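This report describes selected helices, loop residues and confidence values of one protein model.

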Amino acid sequence: KQWYQRRVRGAAHLKNKQVLFVGDPGERISEDYLRILRYFRFYGRIADSGAGWDEKTIAAIREHRAGLEMISRERIWLEMQKIIVGNHTRDILMKMKEIELFPLINLSDSFSIEDLEAQRNKAFLEEVRPATMLSYAFKTAEDFSNLRKAWKMSSDEEYIGQFVIRHRRQDDLKYFQDLLVDTPKHCRHKYHMG
């Protein structure tokens, strides 16, 4: 009977675009601290807006946030990839920063939510790799490299991020035009070049 009641309530929450833990949020989080990041990822997939936070859940996350230090950095990167290219990214990242999660997941003061959001507004997110999008949140290649090492991203992801940071200025467009012209047509689909 209890299982059925939870299922009915869960269906109602989904219908209302609410993201909640089953039962006590503090208990659920203490069972697996990665649920903190999963909460934000699911929030981006389910919620209608970036302003419908459940305060009881946010309070539980704040209380148990130190548990994120026990989570492997690779698992943090896997969840952050989905947050970065998901919905309501700016609001989610602002909430995460507000409740002081950034230091626990290796995001420093050099991480710019506004720069990331400005690029997100220009991008076709279903075609953008998370590392590419993430690179826009950093001013220097060194800052991106430090996060890459902390999150144990692949060398390909580091290469993409470093490349974007070094060549994203307007005056570097000539390089990209030459790259497109010089790349054989049969290879362009591999690099999303048209």
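## Helix H4 and its buried face

In this predicted model, helix H4 spans residues 55-64, and its buried residues are Thr 57, Ile 58, Ala 60, Ile 61 and His 64. Viewed down the axis of H4, these buried residues fall within an arc of 160 degrees, so they line one face of the helix; the arc is that of the directions from the helix axis to the C-beta atoms. An α-helix has 3.6 residues a turn, so residues three or four places apart point the same way. On the other side of H4, Glu 55, Lys 56 and Glu 63 are exposed. Buried denotes under 20% relative accessible area, exposed over 50%, and partly exposed in between (1.4 Å probe, protein chains only).

The buried residues of H4 pack against helix H2 (25-31), helix H3 (35-46) and helix H6 (89-98). A contact requires heavy atoms within 4.5 Å. Helices (H or I, at least four residues) and strands (E, at least two) are DSSP runs, numbered from the N terminus.

## Helix H5

Helix H5 (73-84) has 12 residues and reaches 16 Å from its first C-alpha to its last, close to the 16 Å expected at 1.5 Å a residue; the expected span is 1.5 Å times one less than the number of residues.

The buried residues of H5 are Arg 73, Ile 76, Trp 77, Glu 79, Met 80, Gln 81, Ile 83 and Ile 84. Their cover includes H3, H6, H7, helix H8 (130-135), helix H9 (141-151) and helix H10 (155-167).

## Loop residues with positive phi

Most residues other than glycine have a negative phi. His 88, although not a glycine, has a positive phi of about 60 degrees, and lies in the loop between H5 and H6.

Asn 106, also not a glycine, has a positive phi of about 70 degrees. Asn 106 lies in the loop between H6 and helix H7 (113-120), and counts as partly exposed at 35% relative accessibility.

## Confidence and conventions

The protein averages a pLDDT (the predictor's confidence in each residue, from 0 to 100) of 81, and 75% of the residues score at least 70.

Residues are numbered from 1 along each chain as its sequence is written, and side-chain values use heavy atoms, with hydrogens and water left out. Local features need pLDDT of at least 70 and side-chain atom pairs count only at pLDDT 80 or more, while totals for chains, interfaces and linings use all residues.
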